[in-house]
Amino acid sequence: MDCIFCKIANGQVSAKKVYENKKILAFQDMNPVAPVHILFIPKEHICCINDINIGNSEIIGNIFCSIAEIARKMGLGKGYRVISNCGEDGGQTVEHLHFHLIGGKKLGWPGVD
Ligand code: 5GP
Ligand code: ZN
């Protein structure tokens with residue numbers, strides 16, 4: 001399978017890592033839309049939110065705990081946004097589950113028109 005985020009997770013493709021443990025990885029988005037834009041991914045290939053289930057839900061919890069911790073470390077005390085685009089209509093361009101942590105400025109409400 002030719003998945004760019006699997007390649008980042010296994011070290012075949014480099015990325016600016018922010019956080020890593022056995023199950024998950026966080027790295028800088030290569031095309032940031034705000035001063036802070038970090039992607040959180042499971043190291044195992046999960047396509048999108050549709051493929052979250054009770055069997056992999058611990059990883060999802062792990063990701064959200066890490067998001068909260070990194071947001072604190074990044075000084076995002078005034079707030080931030082977490083987004084996961086799912087499928088074609090959701091605007092997902094990389095088919096490996098990821099959560100965008102976006103912040104560092106006052107955010108408008110996007111993409112609902
Ligand atoms: P999506 O559009 O699927 O919600 O988000 C995919 C995100 O991955 C985009 O924000 C894009 O900039 C980022 N991205 C795609 N390819 C790479 C890559 O090879 N390295 C990094 N660091 N980010 C990537
Ligand atoms: Zn993958």
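Alanine 71 is buried in this predicted model, with a relative accessible area of 2%; buried denotes under 20% relative accessible area, exposed over 50% and partly exposed the range in between, with a 1.4 Å probe and protein chains only. The model is predicted, so local features need pLDDT of at least 70 and side-chain atom pairs count only at pLDDT 80 or more, while totals for chains, interfaces and linings use all residues. Residues are numbered from 1 along each chain as its sequence is written, chains are lettered from A and ligands numbered from 1 in the order in which they are written, and side-chain values use heavy atoms, with hydrogens and water left out.

**Helix α2**

- Alanine 71 belongs to helix α2, where helices (H or I, at least four residues) and strands (E, at least two) are DSSP runs numbered from the N terminus.
- Leaving aside neighbours within four places in sequence, alanine 71 is in contact (heavy atoms within 4.5 Å) with Leu76, Tyr80 and Leu101.
- Between alanine 71 and isoleucine 102 there are 9.2 Å in space, C-alpha to C-alpha, and the two are 31 residues apart in sequence.
- Isoleucine 63 also lies in helix α2 and is buried, at 0% relative accessibility.
- Neighbours within four places in sequence aside, the contacts of isoleucine 63 are Ile24, Phe40, Ile41, Pro42 and Phe99.
- Isoleucine 63 and cysteine 3 are 20 Å apart, C-alpha to C-alpha, with a sequence separation of 60 residues.
- Glycine 61 is likewise placed in helix α2, but counts as partly exposed at 33% relative accessibility.
- The C-alpha atoms of glycine 61 and valine 82 are separated by 14 Å, and these residues are 21 apart along the chain.

**Lysine 23 and the β1–β2 loop**

- Lysine 23 sits in the loop between β1 (17–20) and β2 (24–28) and is partly exposed, at 44% relative accessibility.
- Not counting residues up to four places away in sequence, lysine 23 touches Ile41, Pro42, Lys43, Ile59 and Asn62.
- From lysine 23 to glycine 61 the C-alpha separation is 11 Å, across 38 residues along the chain.

**Histidine 37 in strand β3**

- Histidine 37 is part of strand β3 and counts as buried at 4% relative accessibility.
- The side chains of histidine 37 and histidine 100 make a polar contact at 2.8 Å; a polar contact is a pair of N or O atoms within 3.5 Å, and within protein one must be able to donate a hydrogen and the other to accept it, with residues adjacent in sequence counting only if both atoms are side-chain atoms.
- The histidine 37 side chain also reaches the backbone nitrogen of valine 33, at 3.1 Å.
- Beyond four places in sequence, the contacts of histidine 37 include Phe27, Gln28, Asp29, Asn31 and Pro32, as well as His100, Leu101 and Ile102.

**Ligand 1**

- Ligand 1 is surrounded by 16 residues (each with a heavy atom within 4 Å of it), and the closest are Asp29, Asn85, Thr93, His98 and His100.
- A nitrogen atom of ligand 1 is 2.9 Å from a backbone N or O atom of glutamine 28.
- An N or O atom in the side chain of asparagine 85 lies 2.8 Å from an oxygen atom of the ligand 1 molecule, and a polar side-chain atom of threonine 93 is 2.7 Å from an oxygen atom of ligand 1.
- Of the 520 Å² of accessible area that ligand 1 has on its own, the protein covers 84%; accessible areas come from the Shrake-Rupley method with a 1.4 Å probe, and for residues only the protein chains shown count as cover.

**Zinc site (ligand 2)**

- Cys3 (SG), Cys6 (SG), His45 (ND1) and His96 (ND1) are the protein donors of the zinc ion, at 2.0 to 2.3 Å; donors are N, O and S atoms within 2.8 Å of the metal (3.2 Å for Na, K and Ca), and because water is not among the atoms, sites may look incomplete.
- The zinc site is tetrahedral, with angles of 105 to 116° among its four donor atoms; four donors count as tetrahedral if all angles lie between 85 and 135 degrees.
- The ideal angle for four tetrahedral donors at a metal is 109.5 degrees.
- The donor residues follow the sequence spacing C-x2-C-x38-H-x50-H.
- Cysteine 6 lies in helix α1 (residues 4–9) and histidine 45 in the loop between β3 (36–42) and α2 (57–73), so this pair ties together parts that are 39 residues apart in sequence.
- Cysteine 6 is buried at 18% relative accessible area, whereas histidine 45 is partly exposed at 29% relative accessibility.

Note on methods:
Four donors count as tetrahedral if all angles lie between 85 and 135 degrees; four count as square planar and six as octahedral if opposite donors are over 155 degrees apart and all others between 65 and 115; anything else is irregular.
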